[in-house]
Amino acid sequence: MKLVVTIDTEEDNWGSLRLTHYSFDNIARIPALQEMFDRFNVKPTYLMTYPVATDEKAVGILAEIAAADRCEIGAHCHPWNTPPLAEENTAANSMLCNLSPDSQYAKMKSLKETIGAAFAVEPLSFRSGRFGYNTAVARNLQRLGYKIDTSITPYVNWTSDHGPDFTRISPRPFRFSSDDALEECATGELIEVPPTIGFLQRDFARRNYIFNAVTRGPISRLRLAWLLGQARLLNKAWLSPEVSDSRTMIELAQSMRRHGYGLLNLTFHSPSLKAGLTPFTTTKSDEKLFCQHLREFLVFAQDTGIEVIKLSDVQKLF
């Protein structure tokens, strides 16, 4: 089994749409994070937003790490603050997939060129902000020379947030054609590496069917998903220290191995490194637990022989 680490490397103003000024205090926490990664031979991919890539201090911090080949640099497109800013500022338009293909392309091109100029690298990996991804975005990824996407959140439905429905997608990485971003294609030009989301129980497909059945429509009011979770019969989990403790992440990794999945993608947002910037770490205690759970999972990965690879190395597996 192999592990990649992908980090949405963002401005402090988490989820704020179309501000005129951004702060980057969380980026100052990255050197300490990177020191922990270095101890476990982890080369993370910092998926970077436009504001981060245009802030001199933030670029300086990340460029030093990248220059020493201790990480990879990728792209993370927040449509609301990636120029050109021509569209109406609405919640729906915060999802890249809801913009016209031409608007998508203009923003994605602007972001890639800005990152390239700041770091003297060509980013090969991409994640849509808020996971707002579809086939039109994939076509633009191909046009711009990207190789890997990591925007699909398996078993998650974002339609209530104006986004896509990924509930039928498993956490298995797959090669795909830009003609259909959600279907595997052995001769496809691009590779999807979903963040690892799965179930702690057997038979992911069946558990997903049950989860959807009890969380949609009037039956959702009965809180059956919560009750089944408490009974350890239906537990959906993310491989992320933002929403899972180390025990849950370890259980998920073990479940993924039992189901024959050979690649894990651990992910989180960089603002969670500093208390008060995201809903995931609201206090200093949360902040410490976040780092503790991440470290404990990396100890498990090391002790059980999970090989940590760079995101770009996934290309060698296909």
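**Figure 1. Surroundings of T196.** The side chain of T196 reaches the backbone nitrogen of N265 at a distance of 2.7 Å. The model shown here and in the views that follow is predicted. T196 belongs to the loop between β7 and β8. Its relative accessibility is 2%, and T196 therefore counts as buried, the limit being under 20%. Apart from residues up to four places away in sequence, T196 touches A237, W238, L239, L252, M256, L263, L264 and N265.

Figure 2. P194 is buried, and its relative accessible area is 2%. When neighbours within four places in sequence are left aside, the contacts of P194 are T150, I152, P154, S170, P171, R172, P173 and N265. P194 and F174 lie 20 residues apart along the chain, and 8.9 Å separates their C-alpha atoms.

**Figure 3. Helix α6 and the elements packed against it.** Helix α6 comprises residues 204-215, twelve in number. From the first C-alpha to the last, α6 reaches 16 Å, close to the 16 Å expected at 1.5 Å a residue. The buried residues of α6 are F204, N208, F211, N212 and V214. An α-helix has 3.6 residues a turn, so residues three or four places apart point the same way. The elements against which the buried residues of α6 pack are β8 (197-199), α7 (224-230), β9 (236-238) and α8 (246-258). After α6 comes G217, with a positive phi near 70°.

**Figure 4. H76 and its polar contact with E10.** H76 is a residue of strand β3. With 2% relative accessibility, H76 counts as buried, because buried means under 20%. The side chains of H76 and E10 are joined by a polar contact of 2.9 Å. E10 is also one of the residues that H76 touches when residues up to four places away in sequence are not counted; the others are D8, L47, M48, T49, L111, R127, S128 and G129.

**Figure 5. The largest pocket, with F131 among the residues closest to its centre.** The largest pocket holds about 460 Å³ of space. It is lined by 23 residues, of which W14, R130, F131, W158 and H269 are the closest to the centre. Strand β10 (residues 263-269) supplies the largest share of this lining, three residues. By class, the lining of the largest pocket has ten nonpolar, eight polar and five charged residues. F131 itself is located in the loop between β4 (125-128) and α5 (135-143). The phi of F131 is positive, near 60°, in a residue other than glycine. F131 is buried, with a relative accessible area of 10%.

**Figure 6. The second largest pocket.** The space in the second largest pocket amounts to about 200 Å³. Of its 15 lining residues, C71, E72, I73, V121 and E122 are the closest to the centre. Two or more residues of the lining come from each of α3 (56-67) and β3 (72-77). The largest share, three residues, is that of α3. The lining of the second largest pocket divides into eleven nonpolar, two polar and two charged residues.

**Figure 7. D69 between α3 and β3.** D69 is found in the loop that lies between α3 and β3. Although D69 is not a glycine, its phi is positive, about 55°. With a relative accessible area of 40%, D69 is partly exposed.

**Figure 8. The cis peptide bond between P83 and P84.** P83 and P84 are joined by a cis peptide bond, with omega about 0°. P84 is placed in the loop between β3 and α4 (101-119).

**Figure 9. The largest cavity.** One cavity of 30 Å³ or more is found in a search of the whole structure. The volume of the largest cavity is about 40 Å³. Its lining consists of L17, R18, P79, W80, E87, E88, N89, T90, N93 and S94. In this lining, three residues are nonpolar, four are polar and three are charged.

Technical notes:
Residues are numbered from 1 along each chain as its sequence is written. This is a predicted model: local features need pLDDT of at least 70, side-chain atom pairs count only at pLDDT 80 or more; totals for chains, interfaces and linings use all residues. Side-chain values use heavy atoms; hydrogens and water are left out. On a 1 Å grid over the protein atoms alone, a cavity is a set of points where a 1.4 Å probe fits but cannot get out, and a pocket is an open set with protein on both sides within 12 Å along at least five of seven lines; lining residues have an atom within 4 Å of a point. Grid points are joined across faces, edges and corners, and a volume is the space filled by probe spheres set on the points. Ala, Val, Leu, Ile, Met, Phe, Trp, Tyr, Cys and Pro count as nonpolar, Asp, Glu, Lys and Arg as charged, and the others, Gly among them, as polar. Helices (H or I, at least four residues) and strands (E, at least two) are DSSP runs, numbered from the N terminus. The expected span of a helix is 1.5 Å times one less than its number of residues. Buried means under 20% relative accessible area, exposed over 50%, partly exposed in between (1.4 Å probe, protein chains only). Contact means heavy atoms within 4.5 Å. A polar contact is a pair of N or O atoms within 3.5 Å; within protein, one must be able to donate a hydrogen and the other to accept it, and residues adjacent in sequence count only if both atoms are side-chain atoms.
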